[in-house]
Every structure is written in structure tokens, then in C-alpha cells.
There are 2 protein chains.
Amino acid sequence: MISHAMNARHTDVATSVAAEASGESAPWLPAKGMRTSAVRDSVLFREGDEARSCYRIQSGAIRVVKVLADGRRYVADFFLPGDVVGFDCGDTYEYTAEAIVDTELVRYPRPLIEARFEENPAAGRRLLDVTLQRLAAAQSQMLLLGRMNAMERVATFLLNLERRLGAKESVDRTIPLAMTRADIADHLGLTLETVSRMLNQLKRDGTIGLPDPHRISVLKPQRLERMACAGGH
Amino acid sequence: MISHAMNARHTDVATSVAAEASGESAPWLPAKGMRTSAVRDSVLFREGDEARSCYRIQSGAIRVVKVLADGRRYVADFFLPGDVVGFDCGDTYEYTAEAIVDTELVRYPRPLIEARFEENPAAGRRLLDVTLQRLAAAQSQMLLLGRMNAMERVATFLLNLERRLGAKESVDRTIPLAMTRADIADHLGLTLETVSRMLNQLKRDGTIGLPDPHRISVLKPQRLERMACAGGH
DNA sequence: CGGAGTATTGAAACCTATCAACAATTGTGG
DNA sequence: CCACAATTGTTGATAGGTTTCAATACTCCG
């Protein structure tokens with residue numbers, strides 16, 4: 001599957017007590033948190049659970065899902081290394097968070113975060129900015145879901161993912177895909193078959209390469225951007 | 001494809017200099033702002049404009065739209081009395097805001113709001129909560145756009161709108177619709193014809209009544225909730 | 001009262017979903 | 001290390017829900 005995917009036993013999320021620096025990517029977090037790991041497909045927290053903690057992703061990937069009673073699923077977002085998942089409004093989580101692959105995280109109890117806001121207003125302001133950015137991203141995603149066709153959705157998704165991973169992760173413009181076709185489909189409001197068809201159509205075009213199902217190399221970025229949609233933001 | 005270009009009179013937004021209390025609904029705003037009015041279909045601000053102010057709606061309604069180059073449009077949100085529109089991340093607006101009907105607003109310059117955060121951290125915390133709520137609503141909307149069929153979308157929309165308007169506005173469970181079918185369609189990722197068909201199907205069912213195109217009375221709320229989707233949030 | 005904008009309704013086309021079969025990959029255990 | 005089983009991905013044929021195109025009716029205001 002992917003480099004860091006190890007044995008996928010169904011143990012729960014394991015927590016060690018070692019302290020860990022919060023890292024540069026989220027300056028609004030407390031200085032220390034608990035190192036934690038989650039094996040593939042384990043649930044970090046469930047929609048409706050009491051929101052005790054949030055988590056910064058160290059390595060791996062998390063998906064955040066909302067589910068209808070009959071099983072229809074929407075993947076609201078993917079969280080990649082550096083991202084923080086689990087800070088919601090209210091006392092309960094708004095969605096379920098699951099590990100896509102074996103994932104290393106740092107856990108921060110909510111009370112510690114709230115305390116940090118008291119002592120340091122700038123931290124709260126930083127979180128506000130992050131939240132406003134996520135809201136803007138959500139609005140772009142709604143435009144995608146509401147008004148783009150299958151090919152535009154897939155092309156836009158690939159470009160966004162490449163941008164988020166940054167040059168560091170994607171060597172030679174090759175995107176390491178942690179998630180399955182089903183995850184991508186549930187994120188784009190499509191079926192996994194349609195996602196597969198679009199990817200293979202792009203492959204036949206010569207726009208992308210698919211060395212293996214979990215690696216996508218962007219061969220013709222400009223063409224991909226043109227397919228992404230008839231008008232950037 | 002679709003391009004509901006709304007070109008009516010293009011008078012600008014008129015501003016009076018009278019001061020006005022910020023009201024109970026948005027305690028994170030400064031105490032005073034400028035009363036302003038916007039006639040139907042006028043543009044409050046445009047995507048990409050420098051974000052100088054935000055606006056609290058006093059009466060009327062605002063729609064917030066994102067547009068693709070070929071004219072396809074998505075209505076990211078409707079803003080109703082009490083709501084505040086225009087506080088985005090970055091220095092420019094993320095979307096275009098237009099008046100759906102003649103609208104009364106109170107304008108707050110961004111520098112004044114920023115200053116208020118400096119002096120009163122609780123104000124910033126309130127805005128964070130509001131923003132987190134809007135993010136949660138956006139995630140529910142993505143589930144709707146990605147995974148619900150036309151009837152479920154329309155039913156969900158009506159229920160949400162009724163809840164937002166509150167008992168005060170909707171006398172006798174009758175929802176006053178400020179927006180057109182095209183606005184609703186662009187908000188639900190449908191065409192205006194499909195929205196019309198779904199509404200009239202609900203009318204034939206006896207689930208709702210349509211006294212006139214801009215008034216919807218909910219006759220059988222439970223049935224509407226059942227149609228809304230196979231699984232509540 | 002008339003005219004422009006808005007809403008409704010019908011018929012046909014299209015894109016994507018669904019169903020189904022098969023191929024490829026991954027992980028497991030001999 | 002290889003073979004097998006399970007999962008994941010690909011591809012094809014068909015069906016179905018929405019869109020598109022078109023015509024007509026309604027509503028609101030000047």
C-alpha cells in the first residue's frame with residue numbers, strides 16, 4: 001500500500017505519555033501534548049462523542065466523515081501531517097474521524113487549549129484565522145460539489161492535494177495517495193467507479209501516470225489545470 | 001450551462017451616517033456602525049475586493065455567491081436578519097455578496113472590529129464560535145450536495161430555513177421566501193426546474209402549500225422531515 | 001392593463017449510478 | 001518465498017435521476 005502502512009490490527013488508539021513539542025505548523029496549540037498512534041481504519045472519535053481533545057497529525061492521514069442513517073457517507077475532509085483535527089463548536093464532535101493509514105498524532109486536551117486562549121489572545125486569533133481558511137475551503141468544495149462535473153472534480157481534487165502536500169512530499173510531481181478510490185469518491189460526491197474511470201481517462205490522455213493505485217504522477221500540470229474547471233477562483 | 005445573470009438596476013449601495021446599536025445577535029461587533037441600505041440585486045462587495053467592512057443584516061436578505069468563469073454559480077449561503085456577512089480570512093473577500101431584496105444593513109469597518117478584539121478577547125472568542133458553527137453548517141451542506149437526491153435536498157433546505165427564521169418570522173409555519181427558484185437551485189446544486197418540480201410534488205402530496213411563489217406553508221412537518229433524509233444529523 | 005421577469009410543466013438527452021464480472025494488489029500463512 | 005484469500009481497482013452494459021431545451025402560465029409592478 002504505502003510506505004508507512006504497517007500491520008493493521010484492530011487495536012484501539014494507543015497513547016504514550018511522552019511529551020512532544022507542538023511544532024511550527026500550529027502555533028495556537030499548547031507547547032506540549034501526548035504522542036498517540038492510530039492504526040489503519042481505527043476511529044479517533046465519533047460524531048456526537050464528547051469533544052475532549054484535538055489532535056495534530058504527525059505522520060499518516062485522517063479522514064473526517066459524516067454518515068446518513070442508510071449508510072451514505074460523505075468525507076468532509078482529509079487531514080494530513082501538520083493539520084489539526086477535532087476543534088469543533090459545542091461540546092461534542094461534529095463528525096467521525098478515522099485513520100486512513102497507520103498514523104502518528106499528538107493529542108491536546110481541550111481544557112489545555114482553552115486555558116491557552118485565556119493567557120494568550122494571539123493564540124485564539126491564530127485559530128480564528130485557521131478556521132476562516134477552512135471555511136473558505138469548504139465553500140470552494142461546495143462549488144465543486146454543486147456545480148462541477150466528474151472530471152472537473154477529480155482534476156481539482158488532484159491539484160488541491162498536490163498543493164497541500166507541498167513540494168517536499170510529492171517528489172517529481174508524484175502524489176502519494178493514502179486514501180482509496182472509495183474515500184476519494186465519498187469526498188467528491190461520486191462513486192468509486194466514476195473516480196476510477198476519470199483517473200484512467202486522464203492516464204490514457206497522458207495527463208497523469210498511475211505507477212500503482214496509490215501513486216499519481218502529474219505529467220501535464222497545465223492540462224490538468226485546464227480540466228479542473230472553466231474558471232479558477 | 002447555467003448562468004442566471006442577475007442584471008437589474010445597478011444602483012450602488014447607499015450609506016447614511018447615522019450611528020446604530022449593534023444589537024443582541026452579534027455581541028462580538030463594535031457598539032456602533034453605519035446604517036446602510038442595498039436595493040434588490042445590488043452588489044455589496046465582490047469576490048477579490050479588498051475586505052474593508054462587514055455588514056449585519058437588519059432586514060431583507062443577502063446571498064453569497066461563487067462563480068466559475070463560464071457562469072456556473074453556487075450560492076454558498078443566504079444571510080438573514082441578525083446574521084453578519086463579510087468577515088473572511090485574508091485581505092480580500094472570498095465571495096460576492098448581493099442583496100436578494102431591498103435590504104437594511106449596518107456596516108462595521110474591519111479596523112474597528114480588529115481593535116475590538118485587542119481590547120476585548122471575549123469578542124474574538126465569540127466570533128470563533130460563530131465561525132465554527134458556520135463551518136459545521138458548511139459540512140452538513142457538503143453532505144447534502146454530495147450524497148442527497150433532489151427531493152431530500154429541497155426538504156432539508158425548507159426545514160433549515162424554517163428553523164433559521166424562527167417562530168417569530170414564520171407565522172403559522174409559513175416560510176416567507178425572499179429568494180427565487182434560481183437562487184435556491186444554485187444553493188442546492190440543482191436546476192431551477194428541478195426545484196420547481198420538487199416543490200410542486202410536495203404540494204401535490206399535501207406536504208406543503210404554495211399560496212404564492214414566495215410563500216411556503218409547511219402543512220405536514222413530520223412528512224417533510226421524513227423526506228429530508230433517511231437519517232438526521 | 002400590459003410587459004418583463006419568474007414559475008410551471010413536458011419531452012428528450014445526457015451524465016453518472018448501479019450492477020456485474022474480472023484484474024490487480026496486498027496481506028497472510030503455510 | 002510462494003500461494004491463497006481478501007481487499008481494492010478496473011472496465012463494460014444498462015438504467016435512472018437530473019439537466020437541458022422548449023413552450024406556456026403566472027405574478028408583480030409600472
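## Close-up views of a predicted model

**View 1. The contact of helices α1(A) and α2(A).** In α1(A), R116(A), F117(A) and E119(A) meet P121(A), A123(A), G124(A) and L127(A) of α2(A), contact being heavy atoms within 4.5 Å. These residues divide into 4 nonpolar, 1 polar and 2 charged; Ala, Val, Leu, Ile, Met, Phe, Trp, Tyr, Cys and Pro count as nonpolar, Asp, Glu, Lys and Arg as charged, and the others, Gly among them, as polar. Helix α1 spans residues 110-119 of chain A and helix α2 residues 121-147, packed at an angle of about 115 degrees with axes 5 Å apart. Axes are lines fitted to C-alpha atoms over the stretch in contact, and angles run from 0 to 180 degrees between N-to-C directions. Helices are DSSP runs of H or I, at least four residues, numbered from the N terminus. The model is predicted: local features need pLDDT of at least 70, side-chain atom pairs count only at pLDDT 80 or more, and totals for chains, interfaces and linings use all residues. Side-chain values use heavy atoms, without hydrogens and water, while residues are numbered from 1 along each chain and chains are lettered from A in the order written.

**View 2. Where chain A meets chain B.** Here 47 residues of chain A are in contact with 48 residues of chain B. About 4200 Å² is buried between the chains, 66% of it from carbon and sulfur atoms; this is the accessible area (1.4 Å probe) lost on putting the two parts together, summed over both.

**View 3. A salt bridge between the chains.** R125(A) pairs with E114(B), their closest N and O atoms 2.4 Å apart. The count between chain A and chain B is 6 salt bridges, each a side-chain nitrogen of Lys or Arg within 4 Å of a carboxyl oxygen of Asp or Glu.

Notes
Helices (H or I, at least four residues) and strands (E, at least two) are DSSP runs, numbered from the N terminus.
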